[in-house]
Amino acid sequence: MTLLRAEGVTLGYGRRPVVHDVSLDITEGGVGLIGESGSGKTTLARAFLGLLTPISGNIWYGDQTLKKADLRAFRKDVQPVFQAESLDPRMRVGRSVAEALPRHARHRVAELLEQVGLDPALAARRPHELSGGQRQRVVIARALAVGPRLLILDEPTSALDVTVQARILDLLAGLDTERLLITHNLAVVERLCRTSYVLFAGRVVESGPTGDLLAKPAHPYTRALRDAVPKLGGPPPEASGRTGRTGHTEAVPATTGCPYRLRCPLAAPVCEQPPPLRELGGRRVACHRAEDAPVS
Ligand SMILES: Nc1ncnc2c1ncn2[C@@H]1O[C@H](COP(=O)(O)OP(=O)(O)OP(=O)(O)O)[C@@H](O)[C@H]1O
């Protein structure tokens, strides 16, 4: 049984739904949630952390819905890793990590800092006295303090330069916790997630093994994302002239039929009908024209 899973979850703010009918299992080997800004990734992450209650559908923690689950056990099992800016700027980082530990285990700060590749002597510094990569390691050490089984990582490396990013990804890949990783960068999920879900306008448009998604995107949006993201270790997006987004920001999502149809090079009259999420070649895809997509 998977530790955490969403079943037909619709989420929103006030009465406005922004995530629609998403089902997602956090399976072994890492799960990536990919999509451009505003696609609903963080909203879904908040629901998985129990910070947002679904309008409909359920988040399951083992065999219980989050509503009925033992929240103490949940908070120990599932930990968020946010961006380094979430550290209290006034607090020495050793204390930040200590606060995440149970009282009887506060002596473990040095051990946790070492686990994330930091010199324990850095515990005496405040966040602004560390590099961006070091700060992100502190955030990871804090998340590891309670011995979680699953980390939920929201853009954990997006503020870092490419080489530092690669080292943080190495660190995350070496941990024996499960992970749900949220990013707009396919190169990051390629490194850390066996399975990926692509979100567009709050809907899953494609999901399946990450390697297959990248090698042969079935959905035109996955293809656009794949062709836009900078490669790890490659030139930064500015230098390559790529944005890391799809580059088609002029067309807003359609509110009827396929949400991607106003941007889609394959759009046809059939796309005015909502595409069901269907099995295709070992993955699930919500596209009427998936069979007509060029193969590559
Ligand atoms: N607190 C909020 N109140 C109202 N609307 C919100 C709130 N947070 C997010 N939204 C809206 O919900 C939608 C999804 O936002 P969300 O932050 O989940 O997207 P995202 O994919 O994580 O984007 P990004 O990559 O920029 O973080 C957007 O339209 C956003 O404007």
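Predicted model: local features only at pLDDT ≥ 70, side-chain atom pairs only at ≥ 80, totals over all residues.
Four strands form an open sheet in the order β2-β1-β4-β5, and their pairing is antiparallel (two strands pair if DSSP finds at least two bridges between them; strands are DSSP runs of E with at least two residues, helices are runs of H or I with at least four, and both are numbered from the N terminus). The edges are taken by β2 (16-25) and β5 (64-65), each with a single partner strand, so one side of each is left without a neighbour in the sheet. Strand β1 (residues 4-13) and β2 are joined in the antiparallel sense over 6 bridges, and L11 stands opposite V19 in β2. Helix α1 packs on this sheet, touching β1, β2 and β4 (56-61), and its direction makes about 120 degrees with that of β1 (axes are lines fitted to C-alpha atoms, for helices over the stretch in contact, and angles run from 0 to 180 degrees between N-to-C directions; two residues are in contact if their C-beta atoms, placed from the backbone, lie within 7 Å).

Residues are numbered from 1 along each chain as its sequence is written.

Around the ligand are Y13, V18, G35, S37, G38, S39, G40, K41, T42, T43 and H184 (a residue is near a molecule or strand if its C-beta atom, placed from the backbone, lies within 6 Å of it). This shell divides into 2 nonpolar, 8 polar and 1 charged residues (Ala, Val, Leu, Ile, Met, Phe, Trp, Tyr, Cys and Pro count as nonpolar, Asp, Glu, Lys and Arg as charged, and the others, Gly among them, as polar).

A further open sheet has 8 strands in the order β6-β7-β8-β3-β9-β10-β12-β11, with mixed pairing. Its edge strands, β6 (78-81) and β11 (278-280), each pair on one side only. Neighbouring strands of this sheet are turned by 20 degrees against each other on average, direction ignored. Within the sheet, strand β7 (residues 150-154) and strand β8 (residues 178-183) pair in the parallel sense over 5 bridges, and I152 stands opposite L180 in β8. Helix α5 (residues 132-144) packs on the sheet, where α5 touches β6 and β7 and runs at about 170 degrees to the direction of β6.

Helix α5 has helical partners too. The axes of helix α3 (residues 93-100) and α5 come within 8 Å and cross at roughly 20 degrees, which makes α3 roughly parallel to α5 (angles under 35 degrees count as roughly parallel, over 145 as roughly antiparallel, 65 to 115 as roughly perpendicular and the rest as oblique). Contact is made by V93, S96, V97 and A100 of α3 with V138, A141 and R142 of α5. By class, that contact has 5 nonpolar, 1 polar and 1 charged residues.

For α5 and helix α6 (residues 162-174), the axes come within 10 Å and cross at roughly 20 degrees, which makes α5 roughly parallel to α6. Here G132, G133, Q136, R137 and I140 of α5 meet V164, R167, I168 and L171 of α6. The classes in this contact are 4 nonpolar, 3 polar and 2 charged residues.
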